[in-house]
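Morning, everyone, and thanks for coming. Let me put the structure up, and then I'll walk you through it.

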2 protein chains.
Amino acid sequence: MQIDTAWRLLFGGMERDPQGLSARVRGIIADAIETGLLAPDMRVPSSRSLAEALGISRNTVNAAYQHLIDDGLLVARERSGCFVAATEGRTAVEEGPDDWAARFAIRPSRMPQITKPRNWTDYPYPFLFGQFDPGLFPTNPWRESVKAASSVQEITRWARDMIDDDDPDLLDQLCHKVLPRRGIFAGPGEIIITIGSQHALSMLVQLLVGRDTPVGIENPGYPDVRHMVGMATADMRALTCDTYGVVPDGVFASRRVAFVTVGHQCPTTAVMPVGRRRELLDAASRHGVVLVEDDYESDLSVEGDADLPCLKSLDRANRVIYTGSFSKVLAPGLRIGYVVAPKPVVDELRVLRRLMLRHPPTNNQRSLATFIQLGHYRQHLRRTATVLQERAERIAELLPELLPGCRFRRDFGAKSFWIEGPPGLDSRDLVRAARDLGVLIEAGDIFFVDPAESRDLVRAARDLGVLIEAGDIFFVDPAEGRRHFRLGFTSIATHRIEPGLRRLGSLLRSGPA
Amino acid sequence: MQIDTAWRLLFGGMERDPQGLSARVRGIIADAIETGLLAPDMRVPSSRSLAEALGISRNTVNAAYQHLIDDGLLVARERSGCFVAATEGRTAVEEGPDDWAARFAIRPSRMPQITKPRNWTDYPYPFLFGQFDPGLFPTNPWRESVKAASSVQEITRWARDMIDDDDPDLLDQLCHKVLPRRGIFAGPGEIIITIGSQHALSMLVQLLVGRDTPVGIENPGYPDVRHMVGMATADMRALTCDTYGVVPDGVFASRRVAFVTVGHQCPTTAVMPVGRRRELLDAASRHGVVLVEDDYESDLSVEGDADLPCLKSLDRANRVIYTGSFSKVLAPGLRIGYVVAPKPVVDELRVLRRLMLRHPPTNNQRSLATFIQLGHYRQHLRRTATVLQERAERIAELLPELLPGCRFRRDFGAKSFWIEGPPGLDSRDLVRAARDLGVLIEAGDIFFVDPAESRDLVRAARDLGVLIEAGDIFFVDPAEGRRHFRLGFTSIATHRIEPGLRRLGSLLRSGPA
């Protein structure tokens with residue numbers, strides 16, 4: 001019987017000394033456990049296979065193991081063998097003589113992050129945005145599509161290295177069945193598949209944003225775009241926004257690239273009226289601004305098919321780069337998104353993507369293409385919209401009664417409510433208190449740039465060799481953000497809405513601790 | 001019946017003019033086709049649905065369509081409707097008033113690339129490296145694993161947004177079943193899953209390589225590492241290499257980060273002896289060099305289990321960051337790789353990955369975890385190694401007879417041969433001539449930096465605001481690279497080897513082209 005290379009290596013220096021062999025085996029294993037080389041809960045080889053590999057007797061190994069068990073370093077589990085014990089407070093792995101922090105060219109961990117409890121499914125009232133409702137997933141149609149993509153012939157198509165290509169059928173389904181719903185006519189050469197829209201945005205930042213590129217972002221806005229842009233350029237500014245979204249004013253005109261969410265502004269849910277959309281496009285065309293339209297809720301409009309035309313569909317000057325995703329519609333775990341852009345942009349993105357990661361997994365591309373082609377996608381959209389509409393109506397009905405003193409906004413088709421709490425509310429406290437009652441909501445402060453973050457951005461810029469002042473970036477009252485919170489309803493079952501809101505309301509009335 | 005938003009938009013400006021309605025419909029569609037807004041082969045709505053949507057009679061639409069068919073702009077296909085005709089030489093989409101090229105912060109498309117024919121499976125003799133042999137894919141075990149990952153309970157686990165997490169079962173299988181084969185003991189906190197090892201390398205470049213970081217690469221070496229590093233730093237140097245791989249000399253000592261392939265050097269297949277591995281680690285430790293070990297052929301050693309211990313397994317100073325992948329072993333299309341590194345590095349990579357793309361698709365992570373856990377992985381490795389060993393032996397046996405005048409290298413366990421042709425050979429000509437005979441091989445020049453590429457790197461560095469001279473980077477005789485070519489055998493059926501090599505040999509004897 002064979003044992004792993006690792007175990008042979010571990011005993012590589014052991015000489016043949018019949019007297020102290022058992023003690024030696026014990027010592028080597030004990031050392032490896034103490035230094036963390038052998039991790040807790042790792043299974044050790046059977047005494048038979050270790051004995052064979054080392055050319056010693058099984059009794060010698062057994063004696064060593066028994067000693068280690070007595071010492072509490074190993075545990076024996078019935079019928080499954082010996083494992084490294086999970087002792088608390090064991091010495092951690094040594095981290096090398098020097099400080100890793102000094103090795104990093106960038107420090108992504110310094111960025112503030114949206115934090116949602118990892119175990120959110122364990123909470124009875126998850127009013128989260130963008131997460132997944134197991135009850136809405138089209139299990140059988142998806143299985144059918146996966147099965148179809150698992151025939152010998154299909155495997156031959158997807159298992160190979162596509163280098164920089166995408167699955168042609170998925171591109172085809174996007175061109176003919178998905179994008180036309182949004183008003184977009186595009187050929188396959190104007191589309192590239194991404195690992196969700198996060199990947200789309202990060203590639204576009206890499207491609208379009210140099211160290212001094214003037215870039216505009218929304219404030220409040222999607223924090224990750226702010227972070228990505230902030231790591232790439234020293235000239236990021238907040239675009240002026242009013243109740244309809246971005247205003248095409250002088251700030252906008254001064255930018256080379258602007259990241260916008262006009263379908264439903266993130267996080268306010270503002271739907272930009274068509275007139276404003278045309279003004280924005282005109283201004284972009286006049287001043288040479290590239291618009292990156294993040295249509296993160298693409299396709300799944302709660303109220304059905306009546307969405308306004310997206311910027312991309314109105315664009316006649318080829319100024320708009322469009323990003324969409326199947327994460328919100330189908331399942332975030334699948335990680336499939338796309339960029340629709342003029343061909344020269346897509347051509348560069350293909351090479352960039354090849355260098356970054358080659359291509360999104362092709363088996364998932366094929367399953368999704370089949371899913372759309374079989375008509376499951378349209379059916380799933382209809383079914384999901386019906387359920388979400390019910391939830392939206394229920395929440396809208398209950399909010400005035402259960403959350404008095406708050407102002408609510410949810411524009412047509414949006415999948416969350418943006419709520420301004422009473423004066424003086426710090427929604428971070430509310431989030432914590434609500435969580436203790438089983439209710440998950442999202443604090444609003446993360447969407448606003450606050451002064452501390454400005455300082456982080458300055459530091460990040462300095463890492464890039466650029467010196468800027470914190471005050472140059474944003475002037476925002478931090479208290480403004482803290483009054484807000486977001487209430488999503490894609491993951492909460494309809495019958496949980498009322499009890500969840502009642503708990504939230506009781507906290508708001510009593511004032512959160 | 002509904003039609004897409006796109007079609008409603010298209011006709012948005014059409015006034016109600018009963019006289020010229022048909023001509024108007026025709027004009028709008030003809031315009032949209034001429035300007036490329038409607039792409040060739042796109043299906044147009046049925047006359048019934050367009051008529052309903054516009055509130056006009058079906059005859060009006062039919063007359064317009066018939067006219068467009070007569071003009072050759074549409075084609076009618078029996079029982080499937082009308083489509084935009086695929087006319088050659090039609091005006092391309094206008095690309096906007098300004099030049100996209102001026103918009104790009106980086107120009108990935110300027111990098112030279114490994115090019116393999118996309119339709120390589122159509123060639124009878126594909127001696128390619130790193131591609132996929134449909135005959136070796138474990139179809140039934142993979143299907144079983146995918147099916148297991150498609151239960152309602154499993155879907156609930158993978159369909160959610162994991163934010164920056166990975167599937168815990170896959171991490172577990174890596175810790176306990178995969179990495180120990182390579183001599184690596186690691187805890188789950190020291191591993192992160194990536195979209196293949198390409199993604200692993202690109203994240204490490206982003207994290208570790210700033211604008212002036214001294215980085216060492218192999219020459220000849222994997223071109224994409226050269227490109228990624230070249231885009232990130234102005235201080236890239238070729239490490240000294242001899243027949244055993246990288247030499248730990250003064251150049252090595254001057255680097256902060258070194259990218260190495262010690263298992264099988266890419267492309268020479270050199271296996272670095274254990275003594276040299278230890279010298280490299282000692283030098284890295286003394287001089288503070290971080291070693292990135294790209295173990296791209298990890299696990300699948302053609303001659304079985306007897307691989308030498310990888311750098312990571314010998315590393316006691318925590319100097320080594322290890323990247324591995326299931327692409328070569330299982331299927332490149334799945335895009336699953338991983339990084340094993342000290343925890344501070346993995347912690348930063350998790351945040352960076354979250355910003356870049358969140359996480360690799362979780363359904364594939366779960367399927368793979370199940371595949372390993374059910375024992376299919378070990379079985380697949382054994383089965384594949386047997387077949388590949390047979391192919392390697394067959395090629396080794398035939399080469400001296402069929403390719404006289406060439407020098408061959410294939411170190412123990414490697415999955416390709418590295419071949420030096422006769423003096424004066426330009427392998428790019430050989431590649432073209434061989435392709436005409438149905439034989440695919442890879443030219444060697446791409447693995448070497450040539451003077452033209454040095455100039456590209458200088459230009460790329462200038463885009464980053466750094467001025468360097470081409471001569472500073474590499475001094476290589478371009479003719480050296482052109483004499484070489486690579487012969488892979490993972491995609492060619494055993495019985496095709498001899499006829500393929502015979503054709504190649506006849507070309508070499510007659511002189512290509």
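Predicted model: local features only at pLDDT ≥ 70, side-chain atom pairs only at ≥ 80, totals over all residues.

Residues are numbered from 1 along each chain as its sequence is written, chains are lettered from A and ligands numbered from 1 in the order in which they are written, and side-chain values use heavy atoms, with hydrogens and water left out.

So, the two chains. Chain B brings 117 residues to the contact and chain A brings 117 residues, where contact means heavy atoms within 4.5 Å. Between them about 10,200 Å² is buried, 57% of it from carbon and sulfur atoms; that is accessible area (1.4 Å probe) lost on putting two parts together, summed over both. On the chain B side, Trp100(B), Arg103(B) and Phe185(B) supply 8% of the area buried against chain A, more than any other three residues.

How many salt bridges cross between chain B and chain A? The rule finds 6, taking a side-chain nitrogen of Lys or Arg within 4 Å of a carboxyl oxygen of Asp or Glu. One pairs Glu348(A) with Arg107(B), at 2.8 Å from N to O.

Now for the histidine. His359(B) sits in the loop between helix H13 (343-357) and helix H14 (362-373) of chain B; helices here are DSSP runs (H or I, at least four residues), numbered from the N terminus. Is His359(B) buried or exposed? It is buried, with a relative accessible area of 0%, and buried means under 20% with a 1.4 Å probe, protein chains only. His359(B) touches residues of both chains, including Ile195(A), Pro332(A), Arg160(B) and Asp161(B). In space, His359(B) lies 7.9 Å from Ile193(B), C-alpha to C-alpha, though 166 residues separate them in sequence.

Last, chain A on its own. The domain assignment, automatic or from a database, gives domain 1 (5-100), domain 2 (122-130 + 379-444 + 482-510) and domain 3 (138-374). The centres of domain 2 and domain 3 of chain A are 27 Å apart over C-alpha atoms. There, 21 residues of domain 2 of chain A meet 23 residues of domain 3 of chain A, burying about 2,100 Å², 62% of it on carbon and sulfur atoms. The rule finds 1 salt bridge across that interface. Lys415(A) also forms a salt bridge with Glu297(A), with the closest N and O atoms 3.4 Å apart.

Thanks, and I'm happy to take questions.

Notes:
Helix = DSSP H or I, 4+ residues; strand = E, 2+ residues; numbered from the N terminus. Buried < 20%, exposed > 50% of the residue type's maximum accessible area, 1.4 Å probe, protein only. Lists of a residue's contacts leave out its neighbours within four places in sequence.
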